[in-house]
Every structure is written in C-alpha cells, then in structure tokens.
Amino acid sequence: EFRFGPCRVEGVVLPELWEAFWAVKNTVQAQDDITSVRLLKAQVLQNVSDAESCYLVHSLLKFYLNTVFKNYHSKIAKVKILKSFSSLANNFIDIVSKLQPSKDKDMLSISESAHRRFMLFRRAFKQMDTEVALVKAFGEVDILLTWMQKFYQL
Amino acid sequence: ARTTEDTACPLQYVKFQSRNFENILVWDSGPDSSPDTVYSVEYKRYGDRVWLAKAGCQRTTQKSCNLTMETGNLTELYYARVKAVCPGRKQNNKTTDRFSSLQHTTIKPPDVTCIPKVRSIQMLIHPTLTPIRSENGHQLTLEEIFRDLFYRLELRVNHTYQMHLEGKQREYEFLGLTPDTEFIGAITILAPMWSKESAPYVCRVKTLPDRTW
Amino acid sequence: MKHLLMWNPVAQPRETVLYSVEYQGEYESLYMSHIWIPSSQCSPTNGLECDVTDDVTATVPYNFRVRAMLGSQTSAWSTLEHPFNRNSTVLVAPRMEVTEHGLHLVVKLEDLGPQFEFLVVYWRKEPGATEHVKVVKSGNTPVHLETMEPGAMYCVKAQAWVKAIGRHSTFSQIQCVDMQGESLPL
C-alpha cells in the first residue's frame, strides 16, 4: 500500500505500474528530443515531507489525468502503447479516488508548500509548446513513479 | 553512386550496461568499420543543457567506457553519446536512451559461504557493496539502496522437494538433514518493488559423516 | 485471479462465427468514452468466453463489449450490463498436498498465477499447540515447513492472498500427517 503521510492507498500493485510504463518507455522518451529540459525537477520532488506528500501526489496525479493523459491520448498510434497508457491512467484514477488530503486549517502552510512545488512543475509545463510538453510529461512518468515508490510499503 | 566519403562512420548499439550500479557505456562499430576509427564520449544529466566530455574516453579505439562515477546519482537520469571518426567518412554521433541506473541495473548473484555440518548446512551471505555513495561519502550496499531487498535460499533435497528459507538477515541454516549427503543450494537476491531478481549463487555441499556411532 | 468474460453464441448453423472483445477502464469511460481497447486474447476468437485477466490491470470498474463477425458482416456491440471490478473476485481455498519426507513436513500448493501468495499455518497436534505461519510466494514447488519429531502428528491449512485486491480466500481443509502414516484429511 501507499502511505503518503496520513493518506493510505491500498490495492495498487506498484510493479504493475512499472511494467506498464517500461513497455513503452523507450518509444515515448525517444519522442522527446529536448533533453535539456526536465519538468519534474529536483526542486519539485526532493525532500518532500510526509505531510506534504499527500497534497503533492494528489495535485500531480490529477494534472496527469486531466491534462497529460487526456491530451496525449490522441497521439497514440500503437495498441501496445494504448494498453500501457490505459493501465497507468486507470491506476492513477484508483489512487486519486482513495487519496483524502486533509482540509484542516492547521495544515494550510503544508498544503501551500506542496502547491508551490506543484506550480513549479506546472509552470515548466506551460512554458513549453503544448504538444512537446505532453510528450515530455508522459515520458517522465518514471520519475513520478520513482518518487511515489518512497511511500510504498510491500 | 555513393562514394565512401558520403557514408557515415559506422556506429551502432550505443547503450548503457549496468550491473550492481557499475554503469558501462558500450557500442559497436558494425561490419565494414576501419581499424583506424576513434571514438569520443560525452554525457550529461537529463535536464542539463551542456554535454561533458568523459576524460579517458576521448579519441579511443575502445568500444566501451566506464561512466559509473559520472552517473552515480540515483535521483538523476542521464544521457551519453558517442562520436565516431574514421578516415574517409563522415563523422557519426549516436545517443543512448534516457538512462536511470535504479531502473536499469541488474543484480549480480550474491557472495555466499556454504558451511556443511553433520545434520545441517549454514549459509552466510556477504553484503554487496556498490559504487554508489551517500551524501556523507559512505559506500552503499544493495540492501541500503533497495529497502525491500531480501534473500531467497533453496536447498534441493534429492530432486523431490526443496527446502526454502527467506528473509532480510544474512545468516541462515537448513536443519534436520541426513549426514554424508550431497545437497545443492541456490541463493538469490530479490528487490520486488523494482521487479529485480539476481541469478542464483549455487553451491554444491555434502553434509559431514556422523561419527558418533 | 482469472477473469472470464462469457457470452451466448449467435445461431448460424454450419458457419464459423468469430467474436471480438473490447474493453475500457474507468479512465476511458470518464475522459474518452468513445475509446475502446481490443482485448489481448480475443480479438478475434471463435470461442464463447474470453480470459480478460491481462486486460484488467487496475482495481477500478471496467466495461466490456463483444460483437460477432461472419465474413464481412459484423453484429452490433453487446455491452456488459454492469461494469466489472476485480475486487469482486471470489477467491477459493487453494488445493494443497501435505507429505512427509523422512523427518521433513512438506507442503505443495496449487499454482494460481503470479498475483497469488499463500499463508500456510501448521502446528503439532497436541493440547495447547502453537500455530506457525509461513508465507509461500508461489505455488507448484514443494516447500519444507518443519523438521518433525518421530511419533508426533502435524497438521496444515492454507489460504490464498491477492495483494492487488487486498483479499484472501477461506482456509483449505486441514490435513494432518503422522510420522508413520499417510496424510489424513480431517
């Protein structure tokens, strides 16, 4: 299960997500030839406290569902990529549906800190051409999974 | 017609090979390559603009280059590229796929000492050091990198069944064995979260004769 | 876990009718409902069932649809009435074989696939016995449980566990072994 601070998510098998991404990794990342830009930079994901993690993962996964996957879908030509894409997207929906970030007032500063990190990522995304940014963001799912893995208990 | 001058210097299969975080860049020249071909290697972090030349792998005739120290940060991803220069042909460049040692490295078999006794066999698994260093310079073991890492030990007993032991500790003992009998032990390292499993270390051991009669 | 989609045949005497299966997860139905994905195993098939286990890779509701094909003719799609979620899977108790090899108590479990682990509980049959538990990661390989004492009887039961849906089966029937005799189902 995932433990993002107080947020628990059961029933997601992380190796299944990795398997889905690895099946398309080289194909997708080869489409991204701007190797001098990284959206999920160190400042977004490093030294995230447990308390922040629930807010941050919720924001990131929702962005991936509502923006990245939604618009990247039309670029998918191969059924193999479609299946991996579907597996990732449906597991992200499962995770988001089980995340309950606290809305307590005393958590405001923590949620704002997480929001600032998310905005770093979102700003970098918006600064790029949309099509290019979609490909780059989908190619960086492994960076996202590597970070999420820190909160995963077998 | 295409003269030799038009064709690029042959260069193919530029990729990282990684075992226990020893990251080696390898490539191949292809069938009609010239022995005078020289290669130069550059690398960079994903997200960086500047490519860095790898000292020791400039204008080399070798077809591999050790980039372990240059690609040792586990939170980073990397690219490397090779430039091939050969007489009478255009220079050729090829870049690797995006490389993450955490995702790509394979785990070597563990180093184990199998100690036979009269009615048991002891197995001592030695820690596996990697080239990866923590922020304070401490050299990390596989166990420190993969927190879900555990060992699986199997002892094949006369082809009918196996005894299994499993855990995170490094000392194990298979008990209740028949004296003066040969057994085959197989010990693997697993890191399930990364779907990694080493090849087994195999030891063939014979329990000691029972001289108490 | 094994998920089978089944349907009734299209009556077409002396003709070979093929069927094609497609699916969409909750994401597709919410964000792009026009998108359906061909099933891995049955696009097409001449059978009346389809193993969709490899298609269902998340614990969310999945829609399925099937259509018949005969030559160039294709039927309308027939869609599953209620979406399927793998957490509704019914787990049955695993089959198990308990034997003794010399002094060793050995159990062999049914191989149910990569998603399964087994919880094996065993004890020495005596008043106030202590139950021991062993997690067995995969079936099909005989596993040593205990080195027994001559003359004692040992009993074993097992249940299947699937991490992906966080569920376990009921326990199997208890089987006991004594050092001299065969295993005795209780």
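Predicted model: local features only at pLDDT ≥ 70, side-chain atom pairs only at ≥ 80, totals over all residues.
# Helix α1 of chain A, and some local geometry

The buried residues of helix α1 in chain A pack against β1 (2–4), α2, α5 (79–98), α7 (130–139) and α8 of that chain, together with α1 (101–104) of chain B.

Which residues of α1(A) are the buried ones? They are Leu14(A), Pro15(A), Glu16(A), Leu17(A), Trp18(A), Ala20(A) and Phe21(A). The helix covers residues 14–22, and seven of its nine residues are buried, so α1(A) is largely enclosed by the rest of the structure. Glu16(A) is on that list along with Trp18(A) and Phe21(A). One of the packing partners, α1 (101–104), belongs to chain B.

Now chain A as a whole. It has eight helices and two strands.

On dimensions, the C-alpha trace of chain A spans about 45 × 35 × 20 Å along its principal axes. How does the radius of gyration of chain A sit against that of a compact globule? For 154 residues, a compact globule would come out near 15 Å, and chain A has 15 Å, so the two agree. Buried residues account for 59% of the 154 residues in this chain.

Contacts next. Take the contacts in chain A between residues at least 6 apart in sequence: 87% of them join residues at least 24 apart.

The accessible surface of chain A is about 6,400 Å², and carbon and sulfur atoms hold 51% of that. For the charges, there are 21 positive and 16 negative ones in chain A, and their mean positions lie 4 Å apart.

A word on confidence. Chain A has a mean pLDDT of 93, with 100% of its residues at 70 or more. Where in chain A is confidence lowest, and where is it highest? The lowest mean is 91, in helix α2 (residues 25–30), and the highest is 97, in helix α8 (residues 141–149). Both of those helices are among the elements that the buried residues of α1(A) pack against.

I move on to the backbone in chains B and C. As background, most residues other than glycine have a negative phi, and most peptide bonds are trans.

In chain B, Phe21(B) has a positive phi, near 70 degrees, and is not a glycine. Phe21(B) sits in the loop between β1 (12–19) and β2 (22–28) of chain B. Is Phe21(B) buried or exposed? Its relative accessible area is 0%, so Phe21(B) counts as buried.

Asp180(B) is another non-glycine residue with a positive phi, near 55 degrees. Asp180(B) lies in the loop between β14 (171–174) and β15 (182–191) of chain B. With a relative accessible area of 44%, Asp180(B) is partly exposed, whereas Phe21(B) is buried.

In chain C, the peptide bond between Ser43(C) and Pro44(C) is cis, with omega about 10 degrees. Pro44(C) is in the loop between β3 (37–38) and β4 (49–51) of chain C.

Thr141(B) is part of strand β11 (residues 139–141). Its relative accessible area is 11%, so Thr141(B) is buried, the cut-off being under 20%. What does Thr141(B) touch, apart from its neighbours within four places in sequence? The contacts are Pro127(B), Thr128(B), Leu129(B) and Thr130(B).

Key
Residues numbered from 1 in each chain as written. Chains lettered and ligands numbered in written order. Heavy atoms only, no water. Helix = DSSP H or I, 4+ residues; strand = E, 2+ residues; numbered from the N terminus. Rg over C-alpha atoms; globule rule 2.2 N^0.38 Å. Buried < 20%, exposed > 50% of the residue type's maximum accessible area, 1.4 Å probe, protein only. Contact = heavy atoms within 4.5 Å. Areas by Shrake-Rupley, 256 points an atom, 1.4 Å probe, with all protein chains shown as cover. Lys, Arg positive; Asp, Glu negative; His and termini not counted. Charge placed at Lys NZ, Arg CZ, Asp CG, Glu CD. pLDDT = per-residue confidence, 0-100.
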